[in-house]
Amino acid sequence: MGDLGEQGILEAILPLLDSAQASLGPGDDAGALRVSGNEVLVSVDTLVENQDFRLLWPSGLEHNAYDIGWKSIAQNVSDINAMGGRATGAVISLSLPKSTSLEWVMDFSRGVAEAIAELGAKELTILGGDLGKSQEISVTTTVLGECAHGKVLRSGVRAGDRVAVAGRVGAAGAGLSVLEHEHDNESWSRAVRRLVQTQCRPVPPLESGPRAAEAGATAMMDLSDGLIRDAGRMAKASHVNLELESSALQDFALRLEAASELTGTDPMSWVLYGGEDFGLLAAFPDGVEIPGEFTVIGVAKPANGRRAVVKVDGKVAKPETGFDHFG
Ligand SMILES: Nc1ncnc2c1ncn2[C@@H]1O[C@H](COP(=O)(O)OP(=O)(O)O)[C@@H](O)[C@H]1O
Ligand SMILES: Cc1ncc(C[n+]2csc(CCOP(=O)(O)OP(=O)(O)O)c2C)c(N)n1
Ligand SMILES: [Mg+2]
């Protein structure tokens, strides 16, 4: 399966599955089902030890259970936010090695509870979950949600729309590089610690999803796999090119300098290809007032019947760069 990539696997399996009864089937940040006349959004995401976090990073930092609980909530409510909705319920499945301590599970659960409170997911309540035994830690959270303003899909961008982002871009990727860098974590500066914190405890902009929907966004998705890769998915779903300007991304890169000095990485590579910030990528038509927390980074242009692409400063960006579990 290694060479197929996530996209190739999905193209092979989705035709085998029946989604006819869904009001929105697979392909977007969340699916939707009509229940007693109301649309309910559903999304699921998994965190696996050594794939999505390490209990001990090469930098010497130990990853605590609290942060895993936090991130599992953050990454899931982010998918509901990306539809323009608010999370209402969640179930959490924990698969753990027998050696895991009770203190670990309690710390994890505190992270879940505090993420819900501090991220401002006021309507989100835990409905249940599951406990099981496994070789390594694996956390799967399913989240339900609703949209007051109608759901916003990835596929709605129209030529002429302005493309904008909210939340952080590149910080979590920079934090990941620092964690993976064999450099003693005791000597990290405050700025470096903040970037690591964005990787371990991401903060999706939960007010911005519903606000963008209300403002009239034509399309939206969350940024989990890297700006270029995710923008490529939006471009493909909407059959338009997304033309981005690196000058509009410069401010995001400037905020990553501390990590760049430590690891020797060009900060723009984190902005373009780093994932897990769980910010928003949205498109707004002309005449719509874009909410103030969004930064316009480009514009949508017709694909003219060709394969839709993402361009940066007029050059086609490589769609294969970014994060893929099977890439
Ligand atoms: N095993 C699967 N069966 C059916 N649909 C899937 C499966 N895995 C992923 N999908 C769907 O494919 C789309 C892309 O998945 P993914 O990249 O994980 O989404 P996201 O990045 O928003 O979490 C989503 O709509 C998701 O629901
Ligand atoms: C040990 C480790 N390796 C790599 C990463 C980077 N990483 C893991 S998942 C991911 C992308 C987002 O996760 P995914 O499960 O694809 O979320 P989704 O797109 O489904 O919301 C990235 C960049 C990490 N956080 N930790
Ligand atoms: Mg998503």
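Visitor: How are α4 and α5 oriented to each other: roughly parallel or roughly perpendicular?

Guide: In this predicted model, the axes of helix α4 (residues 171-180) and helix α5 (residues 190-200) cross at roughly 105°. Angles of 65 to 115 degrees count as roughly perpendicular. Therefore α4 and α5 are, to each other, roughly perpendicular.

Visitor: Which classes of residues make up the contact of α4 with α5?

Guide: On the α4 side, the residues include A171, L176 and V178. On the α5 side, V192, L195 and T198 are among them. By class, the contact of α4 with α5 comes to 9 nonpolar, 3 polar and no charged residues.

Visitor: Which helix gives the most residues to the shell around ligand 1?

Guide: The residues around ligand 1 include E6, L10 and I13. Helix α1 covers residues 5-13 and supplies 3 residues to the shell. The helix that gives the most is α1.

Visitor: What radius of gyration does the protein chain have, and why does it agree with a compact globule?

Guide: The C-alpha trace spans about 55 × 55 × 40 Å along its principal axes. With 327 residues, a compact globule would have a radius near 20 Å, so there is agreement with the chain's value of 19 Å.

Visitor: What is the mean pLDDT of the protein chain?

Guide: Of the chain's residues, 99% reach 70 or more. The mean pLDDT is 96.

Note on methods
Residues numbered from 1 in each chain as written. Chains lettered and ligands numbered in written order. Predicted model: local features only at pLDDT ≥ 70, side-chain atom pairs only at ≥ 80, totals over all residues. pLDDT = per-residue confidence, 0-100. Near = placed C-beta within 6 Å. Helix = DSSP H or I, 4+ residues; strand = E, 2+ residues; numbered from the N terminus. Axes fitted to C-alpha atoms, helices over the stretch in contact; angles between N-to-C directions. Parallel < 35°, antiparallel > 145°, perpendicular 65-115°, else oblique. Contact = placed C-beta atoms within 7 Å. Nonpolar A, V, L, I, M, F, W, Y, C, P; charged D, E, K, R; others polar. Rg over C-alpha atoms; globule rule 2.2 N^0.38 Å.
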